[in-house]
Amino acid sequence: MKIEVHLWSGLRTLTDGLEKVEVEASNTGELLDALAKDYPALVPVIEAGVSIAIDGRIIATGLMEPLRPDQEIYLMQRLKGG
Amino acid sequence: MALDDRKDTDFKFVGTRPDRPDGHDKVTGKARFGADAHAPGMLHGAIVRSPHAHARILRIDTTKAEALDGVKAVVTRADFAHGLSGEFGFVLENVMAGDKALYDGHAVAAIAASSALIARDAAKLVKVDYEILPHVTDVDAAMAESAPILNSSYADASVPEGLHPNVVRYHESGHGDVDAGFAKADLIIEDSFKTEATHQGYIEPHACLATLGSDGKGELWCTTQGHWIAQKTCAALVGIDTSQLRVTASEIGGGFGGKTTVFVEPVALALSRKANRPVKIVMNRSEVFRATGPTSSTSMDVKIGMTKDGTITAAQGTFRLQGGAFPGAPMEFSAMCAFAPYALDNVQQIGYDVISNRPKQAAYRAPGAPMASFAVESVIDELCKKLGLDPIEVRLKNASREGTKASYGPRFQRIGLVETLEAAKSHPHYSAPLKPGQGRGVSCGFWFNHGGETSVSLALSEDGTCQISVGTPDIGGSRASMALMAAEVLGIDYENFRVTVADTATLGYNDVSHGSRVTYASGLATIKAAKDAVNKLCKRAAAKWGIPEDAVYWEDGCAKPSGANAGNFDPIPLAEITKNMGSTGGPISGHFEATPEGAGVSFGTHIVDAEVDPETGKTAVVRYTVIQDAGKAIHPTYVEGQFQGGAAQGIGWALNEEYIYGEDGRLQNSIFLDYRVPVASDLPMIDTVIVEVPNPGHPYGVRGVGETGIVPPLAAIANAVSAAAGVRLRHLPMSPPRILRALKAQTRED
Amino acid sequence: MKNTHVTTTINGDPVEYLCDTRETMLDVLRDRLNLTGAKEGCGTGDCGACSITVDDRLVCSCLMLGVEAEGKKITTVEGMAEGENLHPLQKKFIEYAALQCGICTPGILVAAKSLLEKNPNPTEEEVRFWLAGNLCRCTGYDKIIRAVMDTAADMRGAS
């Protein structure tokens, strides 16, 4: 299914100016794979580590979280702490 | 994750304040920290460090050192793995320089000898020929066109064209239209701020004891926030398989983020392999300052527009962080945390990660957030002053709530910022009269918190007691919290538990004790592991009674039949079941392995009163109150301790602590006498208020509390000092000379 | 290098050792006598984690040479409890959570005991200034100061 993903605006230069893209995915792992496939310039960003927020719940690393089209999905930089 | 064992009220053990299980060992000197280990035949290591900020290493001559009696091994970069890339590559380059020394204190060689004195003498005999290169240590200077290039290959694809190669990463985020937002403002303030680098300042220097044989099997004892990451990193750096290196975490004498990586550990392993003897390395304080992770220093611009009634119409921030000689300065966290406390229609934040000739920055408690908060909350304070508005009312008016679109993108789930602000407003501190020469400051702060890979194992003993193995080093009383949560599930007293921080061979992978994750993630895992054991206990009772498993439930430490239909049986206490568990199906243990993804963000509000002496420029913090959302405080005394510790470190950062580099690029204050952390006579009592707005992602509502407490102090104190001194302070630390300069500059302006 | 023979008393026990004249008392305690309760946080007398008493005087053992112990009476954190009974300060530190990581705790306990022996009724300010040579990075000192004040009150009540 089509999932709408909000990107952080710094990624615009890697996605032909888009801050919001649509990809085919049913979970977080598929979403990252689809982003990498559709926007190859994002590969180093994804490899450097990203997190995904699903309706405000921040998934730091999980690739198996199911997604639905009605959810608000944000790509974020990978969280770490002290 | 199913939260079937969710519980918000009626706790029996959670929320009490028992003695910590490791207290006795720690007050008697028995607890074994990093430097407290010995091994038969042990050698002592010493490290040769660069005295130059930036220099090409032309030749390392170790002949004289090797000729000294008692010297058993010398290693240089050639003795480590080759061809590493990514973070492992950076860490290796940092623990042992390759072609270039990149900062004052960068390791270039190491010695193992039969005594610490001989190792130290031998280190002085290593002759290194350097070609000195131009250096840069300031973040703005490192971005300037004329700056020397440290490494032209570090910049990634995110960096816009036209920037200096020292700018290695770029972040930009936000939403709305800031120009349109500023157009609606009645008052816009735009200002620039700087903060100097500080060190985590843990009292225990890095230390380890390593054994590695030519068979590729090793043992490592070290002080670390995460022994699995140490295992993984060290194995890669010395070129062995991860599972062949068993790492045991010592008691840890403070970390605060600085012990989330390795420094001396791979060096000791390489020396041990070469000498075929155990090798111990203990850093001295100067090495800790010169070569282990300080924070980033920053240069920041913040612009905020506000209407007369206190509504923020737009906010914009640029955060430039130097993170030493390698990529990784947490500028994206500065950017994402900066405006997070506020519900903003128009916001934009930009971050630059800049390399310079300083040690590789390491995480420090909410990395990146305190500095950004200082800049943002200072501007908000100034706006409140100019518009004649109450700083807490303005923050309440703009506060992020559940459903608010965060400055970094997604919507907030249940959060407790408003509750902390309300508590601040009604706290007696906020309405207490100030004496002449004193000023009051407030600030909010935000941090994300983290989950991470977590494995917990819990084994019942025949006598009905319980051993819990966790993989997160106990940096502030977490053993007590684990035992409390397990007691809550099993329904037996706290004293029945023994909690052990297990080594890497005993338990599955555990992420580092960082990101305020221990009570959240290891706690969640402990609850789930205890629940797993409870299910097995119920099963044994069901078998004994000859009823279905689901007709048995667990309450008050006993298996009970669930209602009349299940049958009329007397409850069986835990110890009755474990007594003969070996012959009723085998030992009973509970396990949990997962990566919990519901850490739940956290907010705090601090109030501080400061008094500034206009003659000397010295600031005294006279009253301090920390108010923070803990979700649910498992052991409230240790939660208070985290609040107080965060505030104290923030006070040091705001008023005293800074890395001072000379023109020669060398660190000038590498001992505690010159790098002055707050001492007992510098501080007042630190009052705390624990707000509890449960985190929906934890069975008992826990939010991490370790990091958020260091986010508000920098700004809160700067606001208090600015009020007391009558002049805005824009550069941390606000040391006496800086305050005097600001007072003088203001007099000239007047 | 020729070592020096030293005869001294540590926590009430007669002790003899050989040490290099460059070794500090802290090195000797930790590396030669396996008394690792005293910690090295700085090696320059700034952090107090190595606090011991020498003839009842509070000293940073990193600033004293091992050979200087000759004929002296040394006490360390290991000598604080009497048999299985913890010193009241030790008990109170646990009860008040006056430690988080615990690395500064041995030094602070030795220093606080020394304070209470000299001044059984210190003010908060006196406690803060006495302990100003003992760095703690975890607690913000709040619970440490309270633990020392309350122990002092208890000990006054008991005597």
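The contact between chain A and chain B takes 26 residues from chain A and 33 residues from chain B, where two residues are in contact if their C-beta atoms, placed from the backbone, lie within 7 Å. On the side of chain A that touches chain B, helix H2 (43-48), strand E4 (57-59) and strand E5 (73-77) of chain A each supply at least two residues; helices (H or I, at least four residues) and strands (E, at least two) are DSSP runs numbered from the N terminus. By class, this side of chain A has 12 nonpolar, 10 polar and four charged residues, with Ala, Val, Leu, Ile, Met, Phe, Trp, Tyr, Cys and Pro counted as nonpolar, Asp, Glu, Lys and Arg as charged, and the others, Gly among them, as polar.

The model is predicted, and local features need pLDDT of at least 70, side-chain atom pairs count only at pLDDT 80 or more, and totals for chains, interfaces and linings use all residues. Residues are numbered from 1 along each chain as its sequence is written, while chains are lettered from A and ligands numbered from 1 in the order in which they are written.

Two pairs of chains touch, and the most contacts are between chains B and C. Here 44 residues of chain C are in contact with 43 residues of chain B. Helix H2 (88-95), helix H3 (105-118), helix H4 (124-130) and helix H5 (142-158) of chain C each supply at least two residues of the side that touches chain B, and the largest share, four residues, comes from H2(C). This side of chain C has 22 nonpolar, 11 polar and 11 charged residues. No contact joins chain A and chain C, whose closest C-alpha atoms lie 14 Å apart.

Chain B has 20 helices and 27 strands. Its radius of gyration, taken over C-alpha atoms, is 27 Å, close to the 27 Å that the globule rule (2.2 Å times the number of residues to the power 0.38) gives for 750 residues, so chain B is as compact as a globular protein of that length. The C-alpha trace of chain B spans about 90 × 75 × 50 Å along its principal axes. Of the 750 residues of chain B, 62% count as buried, a residue being buried if 20 or more other C-beta atoms lie within 10 Å of its own, exposed if 12 or fewer, and partly exposed in between. Among contacts in chain B between residues at least 6 apart in sequence, 80% join residues at least 24 apart.

Within chain B, strand E13 (residues 297-306) is mostly covered, with eight of its 10 residues buried. Strand E8 (residues 187-195) of chain B runs antiparallel to E13(B) and is joined to it by nine bridges, two strands being paired if DSSP finds at least two bridges between them. Leu187(B) stands opposite Met306(B) in E13(B). A further 10 bridges join E13(B) to strand E14 (residues 312-322) of chain B, again in an antiparallel arrangement, and Lys303(B) has Gln316(B) in E14(B) as its bridge partner. The hairpin of E13(B) and E14(B) has five residues between the strands, and Gly310(B) takes a positive phi near 95 degrees there.

Helix H11 (residues 369-387) of chain B is also mostly covered, with 15 of its 19 residues buried. Just after H11(B), Gly388(B) takes a positive phi of about 65 degrees.
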